[in-house]
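Let's take a walk through a protein together. Have a look at the sequence and the 3D picture first, and then we'll go helix by helix.

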Amino acid sequence: MNDSEQSTTTAMNLYQQALVYLRQQQFQEAIISCQQALKYQPEFALAYKTIGVALQVQGQEEEAQKYYLKALEIQPDLAEVYANLGNI
């Protein structure tokens, strides 16, 4: 496995862990896992989206919006992000 593949795998593992944290309502842990994933894959739109979700459910809507917009900048076809933005 080359460095690029390793980075992608590590980012995906961290993202999967973030989803577990999100389901457990451990929002700060979810954010941290996504931030770590972004260190390996800076253009990982789903990680930005997940940070946005974690922030939004904590009432940090302005900050969430920034992460949602970054996710859409990278991957404009994320329908869930548009729905989340509509709820802010």
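A residue counts as exposed when its relative accessible area is over 50%, and as buried when that area is under 20%. Keep those two cut-offs in mind, and remember that this is a predicted model.

Let's begin with helix H4, which runs over residues 61-74. Its 14 residues reach 20 Å from the first C-alpha to the last, close to the 20 Å expected at 1.5 Å a residue. Which residues of H4 are buried? They are Ala-64, Tyr-67, Tyr-68, Ala-71 and Leu-72. These residues cover an arc of only 140° around the axis, so they sit on the same side of H4. Now turn to the face pointing away from that buried side: here you'll find the exposed residues Glu-62, Lys-66 and Glu-73. And what covers the buried residues? The cover includes helix H2 (27-40), helix H3 (45-57) and helix H5 (79-86).

Next, pick out H3 again and compare its direction with helix H1 (residues 3-23). The axes of H1 and H3 come within 11 Å and cross at roughly 20°. Angles under 35 degrees count as roughly parallel, and H1 and H3 are therefore roughly parallel to each other. Their crossing is left-handed.

Ile-88 is partly exposed, with a relative accessible area of 35%.

Methods:
Residues numbered from 1 in each chain as written. Predicted model: local features only at pLDDT ≥ 70, side-chain atom pairs only at ≥ 80, totals over all residues. Heavy atoms only, no water. Helix = DSSP H or I, 4+ residues; strand = E, 2+ residues; numbered from the N terminus. Expected span 1.5 Å × (residues − 1). Buried < 20%, exposed > 50% of the residue type's maximum accessible area, 1.4 Å probe, protein only. Arc of directions from axis to C-beta. Contact = heavy atoms within 4.5 Å. Axes fitted to C-alpha atoms, helices over the stretch in contact; angles between N-to-C directions. Parallel < 35°, antiparallel > 145°, perpendicular 65-115°, else oblique. Left-handed = near helix turned anticlockwise from the far one by under 90°.
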